[in-house]
Amino acid sequence: MALELTRRRTMLGLLSAALWSATGSAIAFARDAVALLPGKMALRRLTHRPPNYETPLEYFRSTLTPNEAFFVRYHHAVIPSGSAEDHRLEIGGSAVERSLSLSLPELRRDFAVAEVVAVCQCSGNRRGLFEPPVAGLQWGHGAMGNARWRGVRLADVLARAGLKNTALEIAFDAADAPPLDATPDFIKSLPIAKALHPDTLIAFEMNGAPLPEPNGFPVRLVVPGWTATYWIKHLNKITALESPEKNFWMSTAYRMPRSIFPLVSRFPSQESGERAPVTEIAVNSLITSMEADGALVAGRSELRGIAWDSGLGIDRVEVSFDQGLTWRRCELGENLGPYSFRPWRADWPALPPGQYEVWARAANRAGQVQVEKPIPNPSGYQHNAFHRVPVRVSA
Amino acid sequence: MNRTLWTVTLMLMPSGLALAEPEAAPGEGRELFIARCSSCHSVDYVEMHARFGTRALWESQVTKMRNAYKAPMSDEDAQIILNYLERQYGPGRTDTSQSTTPRSSMSKTSVASGLMVGGAPRSP
């Protein structure tokens, strides 16, 4: 089977390259920046293949991001068509007493259902806003979304397999794959504490509907508070390990200098050398009520947005109209749980006519606060600078 | 094992026009670039870096593709591809080319505003 798969993958790679050439040369290319994916509305396209699409900012005006507008991020171009009937989830590894192979109906039937509202945010969200620029997908603000995830607890599935107390990490693999066998498959691991956390789910629903194909149908991992790199889509293999997972995606990629990003939620078995894995989502906020031209009109536009962090809880959101000299506290809105977007709003202050810039910043209950300028780092992760938006005040 | 390629399926669809991938810019080394790079990813990965596509940037990216992603190419191939990228996707090339294919799909402004309404770049 491995050989057949290999051949198939190579064939698919060649086929897609051939098609690419044929369509590319035959058709005058319409360079629209939006496109439709299965089950999706028009999103902002970064790349065709593998597909990477971001959510336009206006969809963050609702606390939950619509499934159709939820961002799409793939590392590899061979993507399964996702048949729920065929899909099986294999659980194994040296740190479980017995291997399991679960179908979707078994997963739904044999385990208690759990729900969590949580932000899924790419580690590199806003990378395109770094100056000087940083190589990598040039995301704007939209490599994130907030959804109500429904599934079963990873802890319950691991317990059924008889997780041993020698387990150090749990590794996750998926049905998508690179076109070349030599390219490292996308496998990520979690420390035991995070894997066993009751909010860490194997999810089959998103906002009350099956996961859209490009968001991981039929099942994906949901790791509330941690960046999307761990939220493995099309999840089909869970391995309990007694030593650290060492593949490229853990040992080299998705790491940051330890000194500049002290983390609350750490991954000790992966912390070797100067760089540690990206884990928790940095405290952040966004203004979402801009007019079509990207500016706010005082008195006419609403002044509102969202704030979020790694689940420690948003303490406050503030806005400034004088480049950070003074800050005004905003009113926080509905609370869908610690991992969710938290909406906020503010009244307009009295401002003399003219052009302004409004800055927004959030702080969490652990005292972490957004920064004026993004912290430079080699891969352009964790951009959490104040959001700045132009404001017009008419006479 | 029913592993259908979603991306290929999409390209075969009659409405595939909207999903047709961008073309690699004309220039010496283009065929080798297509042969060595396009089996794994579309050229928009390259276009999005053109704004800051210095030789040093392209060297780091080609090295990363070879070492981390195991892109199959000889040292000689890598030099040809590097020269092609530097010439066709350097910062000086953006917006000055006679090519019908713009090098950057998103202006800096539209990335920053993030809005589709009014902020979306126009098709050429």
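Me: Why is Glu372(A) called partly exposed?

Reply: Its relative accessible area is 41%. Buried means under 20%, exposed over 50%, and partly exposed in between (1.4 Å probe, protein chains only). The 41% of Glu372(A) is therefore in the partly exposed range. Glu372(A) lies in the loop between β24 (354–364) and β25 (387–393) of chain A.

Me: Where do these values come from?

Reply: This is a predicted model, where local features need pLDDT of at least 70 and side-chain atom pairs count only at pLDDT 80 or more, while totals for chains, interfaces and linings use all residues. Residues are numbered from 1 along each chain as its sequence is written, chains are lettered from A and ligands numbered from 1 in the order in which they are written, and side-chain values use heavy atoms, without hydrogens and water.

Me: What does Glu372(A) contact, leaving aside its neighbours within four places in sequence?

Reply: Trp359(A), Ala385(A), Phe386(A) and Arg388(A); contact means heavy atoms within 4.5 Å.

Me: What makes α4(B) and α5(B) oblique to each other?

Reply: Helix α4 (residues 55–67) and helix α5 (residues 75–88) of chain B pack at about 140°, with axes 10 Å apart. Angles under 35 degrees count as roughly parallel, over 145 as roughly antiparallel, 65 to 115 as roughly perpendicular and the rest as oblique. The two helices are therefore oblique.

Me: Which residues of α4(B) make the contact?

Reply: Arg55(B), Trp58(B), Glu59(B), Val62(B) and Arg66(B). On α5(B), the residues include Ala78(B) and Leu82(B).

Notes
Axes fitted to C-alpha atoms, helices over the stretch in contact; angles between N-to-C directions. Helix = DSSP H or I, 4+ residues; strand = E, 2+ residues; numbered from the N terminus.
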